[in-house]
Amino acid sequence: MEDHNQSPVCVLDASNYIGFWILKGLLNKENYFGLDVDVLDYHSILVALKDCCALFCSLDGPDEYDDSLVDLEVRGVINVVEACAQSESIEKVVFTSSLTAAIWREDIGSEIVVDERSWSDPEFCRKMKLWYALAKTLSEQAAWALAMDRMLCMVSINAGLVLGPSVTKQNPGSTMFYLKGAAEMYENGVLAFVDVNFLADVHIRAFEDRSTCGRYFCFNQIVNTSEQAFKLAQSLSPLIPLPPRYECKGSEVYAERLKTKKLDKLVEDAACF
């Protein structure tokens, strides 16, 4: 692991649920700035990044996603990545993305394995009005295209449905946006969740480990049985309605199609230090 304690890092946006937990995880490790800036204001981002060695970019939309807000999120991400590329001090960007940027396509059940090479189909997302998935897909693709063009070191963490303390009160919008199409995700073995503490830790490990590169799927468990689905619904109550108990007594077990070999290696390597 590298020692970054001499240079500050920036968390953008530290006011949202994931950003807050990343900032909390950094408290005992690094100097940090937790910022809430207008990502459409390129100059303000440049000012915020001054003297920082890394950026944790964890952007989220407002209370509602639609086609026009997808474009705003993509524009914001482009501003952030370009500012990082122009900064003299930024050495690495850790970009928060979503599994929804990898799982949605017309033939959702056709791939035996869904891993870091997989991408959601934007046209399918538009057709099904999966605006959250579309925003995460297009913004991550834009970030990667620009980062590679500018030779900027970037890692993306593609998170499952985020669970954690007070998530239904503090992160209701993103939770509900993620769950659009939950039945199809569940039946096709790609509905997964991640604890926010673990997610934040993975972000920090991806920053600290010089060898990290590319995309990392990040989740604790795939939901593929009716019992697990009921427990997930319980954990999100009252944000989503609980199904009647009798509906959760089925014996179906769906195949787990998401793979996390890269994440497993990152976690194992970190345990050695």
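The protein chain comprises twelve helices and nine strands, and the model that shows them is a predicted one. Its radius of gyration is 18 Å, close to the 19 Å that the globule rule gives for 273 residues, so the chain is as compact as a globular protein of that length.

**Overall fold**

- Along its principal axes, the C-alpha trace of the protein chain spans about 60 × 45 × 35 Å.
- Among contacts in the protein chain with a separation of 6 or more, 77% are accounted for by residues 24 or more positions apart.

**Packing of α1 with α10**

- Two packed helices are described by the angle between their axes and the distance between the axes.
- Helix α1, covering residues 17-26, packs with helix α10, covering residues 196-208, at an angle of about 65° and with the axes 9 Å apart, and the crossing of α1 and α10 is right-handed.
- On the α1 side the contact is made by Y17, I18, W21, I22, G25 and L26, and on the α10 side by V196, N197, L199, A200, H203 and I204.
- The residues of this contact between α1 and α10 divide into nine nonpolar and three polar, with no charged residue.

**Backbone geometry in loops**

- Most residues other than glycine have a negative phi, and most peptide bonds are trans.
- The peptide bond from L12 to D13 is cis, with omega near 15°, and D13 itself is placed in the loop between β1 (9-12) and α1.
- A cis peptide bond also joins S237 and P238, with omega about 5°, and P238 lies in the loop between α11 (226-235) and α12 (261-271).
- D51, a residue other than glycine, has a positive phi near 70°, and D51 is found in the loop between α2 (42-48) and β3 (54-57).
- S166, which is not a glycine, has a positive phi of about 55°; S166 is placed in the loop between β6 (161-163) and α7 (167-170), and its relative accessibility of 40% means that S166 counts as partly exposed.

**Glu187**

- E187 is found in helix α9, residues 182-187, and counts as partly exposed because its relative accessibility is 45%, which falls between the 20% limit for buried and the 50% limit for exposed.
- E187 and I108 are 79 residues apart along the chain, and their C-alpha atoms are separated by 10.0 Å.

Key:
Residues are numbered from 1 along each chain as its sequence is written. This is a predicted model: local features need pLDDT of at least 70, side-chain atom pairs count only at pLDDT 80 or more; totals for chains, interfaces and linings use all residues. Side-chain values use heavy atoms; hydrogens and water are left out. Axes are lines fitted to C-alpha atoms, for helices over the stretch in contact, and angles run from 0 to 180 degrees between N-to-C directions. Helices (H or I, at least four residues) and strands (E, at least two) are DSSP runs, numbered from the N terminus. A crossing is left-handed if the near helix is turned anticlockwise from the far one by less than a right angle, and right-handed if clockwise. Contact means heavy atoms within 4.5 Å. Ala, Val, Leu, Ile, Met, Phe, Trp, Tyr, Cys and Pro count as nonpolar, Asp, Glu, Lys and Arg as charged, and the others, Gly among them, as polar. The radius of gyration is taken over C-alpha atoms; the globule rule is 2.2 Å times the number of residues to the power 0.38. Buried means under 20% relative accessible area, exposed over 50%, partly exposed in between (1.4 Å probe, protein chains only).
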